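The sequence and the structure are shown first.

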Amino acid sequence: MKTEEPLIGEPPTTGPPAEEPLVERWRDLLSQYSRVAHELDRALQAAHCLTMSDFEVLDRLITADHCKARIHDLVGDLHLSQSASSRAIARLEKCGLVERAMCELDRRGVMVTATTRGRELHAQARRTQLAVLAEHLV
């Protein structure tokens, strides 16, 4: 006798018990990420007028060689989409935290460099980030 598969969007009536702890761990991980990300975003905006995404772009740039990176390489390291990364870089540039320039080695590429103001703000925001992470993850 053939058993019917559940319709798309309907949970199966019974599932293998071995899968339940794995799914529960996944849900716990998502919940923890959501709580920490929300608190980090709130703290960075309140103290430094930076979104968590803006801070991530600046943070990756600061840790790059000479605080400079090709936009293409920088975007590849981020959890953001290409368009979200471009918008974050544009916001940082508008605030004077980064500068764009043509890549000297490959004229098709665009380099982004952290300004002195960007490095100073990053140092302050980094302390906020570490405080939030220590509060929620330690």
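## Basis of the description

The model is predicted: local features need pLDDT of at least 70, side-chain atom pairs count only at pLDDT 80 or more, and totals for chains, interfaces and linings use all residues. Residues are numbered from 1 along each chain as its sequence is written, and side-chain values use heavy atoms, with hydrogens and water left out.

## Overall architecture

The protein chain contains 5 helices and 3 strands, where helices (H or I, at least four residues) and strands (E, at least two) are DSSP runs numbered from the N terminus. Along the sequence these elements follow the order α-α-β-α-α-β-β-α.

Of the 138 residues, 33% count as buried; the term buried denotes under 20% relative accessible area, exposed over 50%, and partly exposed in between, with a 1.4 Å probe and protein chains only. The accessible surface of the chain amounts to about 9,900 Å², and carbon and sulfur atoms account for 55% of it. These areas come from the Shrake-Rupley method with a 1.4 Å probe, and for residues only the protein chains shown count as cover. Among contacts (heavy atoms within 4.5 Å) between residues at least 6 apart in sequence, 52% join residues at least 24 apart.

## Packing of helices α1 and α5

Helix α1 (residues 19-48) and helix α5 (residues 116-137) pack at an angle of about 145°, and their axes are 10 Å apart. The axes are lines fitted to C-alpha atoms, for helices over the stretch in contact, and angles run from 0 to 180 degrees between N-to-C directions. The crossing of α1 and α5 is right-handed; a crossing has this hand if the near helix is turned clockwise from the far one by less than a right angle, and is left-handed if anticlockwise.

On the α1 side, the contacting residues are Q32, V36, E39, L40, A43, L44, A47 and H48. Their partners in α5 are L121, Q124, A125, T128, Q129, V132, L133, H136 and L137.

## The enclosed helix α2

Helix α2 (residues 52-62) is largely enclosed by the rest of the structure, because 9 of its 11 residues are buried. These are M52, D54, F55, E56, V57, L58, D59, L61 and I62.

M52, in helix α2, has a relative accessibility of 13% and counts as buried. Apart from neighbours within four places in sequence, M52 contacts Y33, A37, L40, D41 and L44. The C-alpha atoms of M52 and H38 are separated by 8.7 Å, the two residues being 14 apart along the chain. E56 also lies in α2 and is buried, at 14% relative accessibility. With neighbours within four places in sequence again left aside, E56 is in contact with L78, H79 and Q129.

## Salt bridges

The structure holds 5 salt bridges, each defined as a side-chain nitrogen of Lys or Arg within 4 Å of a carboxyl oxygen of Asp or Glu. One of them joins the side chains of D59 and R126, at 2.8 Å from N to O. D59 lies in helix α2 and R126 in helix α5, so this pair ties together parts that are 67 residues apart in sequence. D59 is buried, with a relative accessible area of 9%, whereas R126 is partly exposed at 30%.

Another salt bridge links E39 and R42, with an N to O distance of 2.5 Å. Both residues lie in helix α1, 3 residues apart, about one turn of the helix. An α-helix has 3.6 residues a turn, so residues three or four places apart point the same way. E39 is buried at 18% relative accessible area, while R42 is partly exposed at 46%. A further salt bridge pairs R100 with E93, whose closest N and O atoms are 2.9 Å apart. R100 is partly exposed, at 36% relative accessibility, and E93 is likewise partly exposed, at 32%.

## A nonpolar surface patch

W26, L29 and L30 form a nonpolar patch on the surface, with about 320 Å² of accessible area together. Patches are made of residues with over 30% relative accessible area and no salt bridge, like charges being joined within 9 Å and nonpolar side chains (Val, Leu, Ile, Met, Phe, Trp, Tyr) within 5 Å. L29 lies in helix α1 and is partly exposed, with a relative accessible area of 47%.
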